[in-house]
Structure formats: structure tokens, C-alpha cells
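Trainee: Could you take me slowly through one part of this protein, beginning at a single residue and working outward to whatever surrounds it? I would like to see how one place connects to the rest.

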Amino acid sequence: PGVPAVSRGARAVSGEVLVLGGRAGFAEPILVDGAVGAVVAPYGRPVLVLTFTVENDMIAEYEVIADPARIRDLSLSLPPSGSPFTEL
């Protein structure tokens, strides 16, 4: 608790994704501090925010933020209507 967990390598990251996959039904695309991200917000309350680092058109890194204090400090906004991002 209180210490970020870091997973490196395809096998480790894919295992983490499987663990988080159960909440995917609640995930929605969102802008996090103006950049592409995702939010898991059952009943409209954000409990997880994902940020992505994109390199060469691929996600090279992602961060899962679950600390309520950190989530409150983020600027979360919906993507503009009609943007390709809303079609994810």
C-alpha cells in the first residue's frame, strides 16, 4: 500500500491487464490533463484512471491511478463530440 507497483515485460503486463479486465465494462475514454486516457467510473464516481504513453503509434507505457487524492488532482474531461476518440 502506498508504493506504486511496476510491471515490466509483455508477460507481466498482460497478467495485470487480465486482473483489471473485470472492470473494463465500466471503462470510458476520457482526456486526462488534456491527453488520451481512460476512466473506470461505476455510478459516475471515478475509481481508476489510466494514462497512456504512446510511442510510434503504440502504447509503450500506461499508469493506473487508484489513489483518490491523485484522481481529484487530475483534470478529467470528455473528448470533443464527434472526435474519433469517442468511437473507441
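Mentor: D73 is exposed, with a relative accessible area of 67%, where exposed means over 50%, buried under 20% and partly exposed in between, using a 1.4 Å probe and protein chains only. Please keep in mind that this is a predicted model, in which local features need a pLDDT of at least 70 and side-chain atom pairs count only at pLDDT 80 or more, while totals for chains, interfaces and linings use all residues. Residues are numbered from 1 along each chain as its sequence is written, and side-chain values use heavy atoms, with hydrogens and water left out.

D73 belongs to helix 2, which covers residues 68-73; helices (H or I, at least four residues) and strands (E, at least two) are DSSP runs, numbered from the N terminus. Although D73 and D33 are separated by 40 residues in sequence, their C-alpha atoms are 9.6 Å apart in space. D33 is found in the loop between strand 1 and strand 2, and its phi is near 50 degrees, a positive value in a residue other than glycine.

Strand 1 and strand 2 (residues 35-40) run antiparallel and are joined by 6 bridges, and two strands are said to pair if DSSP finds at least two bridges between them. Strands of a sheet pair through backbone hydrogen bonds, either parallel or antiparallel. Strand 1, residues 27-32, also pairs with strand 5 in the antiparallel sense, over 2 bridges. V32, in turn, stands opposite L76 in strand 5.

Widening the view, the 5 strands form an open sheet in the order 4-3-2-1-5, with antiparallel pairing. Its edges are strand 4 (58-65) and strand 5 (76-77), each of which pairs on one side only. Along the sequence, the whole protein follows the pattern α-β-β-β-β-α-β.

What residues make up the largest nonpolar core? It consists of 7 residues, namely I30, V32, V39, V49, I65, I71 and L74; a nonpolar core is a set of buried Ala, Val, Leu, Ile, Met, Phe, Trp, Tyr and Cys residues joined through side-chain atoms within 4.5 Å. One of these, V49, touches V32, A38, V39, E63, V64, I65, I71, L74 and L76, not counting residues up to four places away in sequence, where contact means heavy atoms within 4.5 Å. In the protein as a whole, buried residues make up 20% of the 88 residues.

N56 is exposed, with a relative accessible area of 73%.

Lastly, consider the segment before helix 1 (10-20), where R8 lies. R8 counts as exposed at 71% relative accessibility, and R8 and E61, 53 residues apart in sequence, are 9.4 Å apart from C-alpha to C-alpha.
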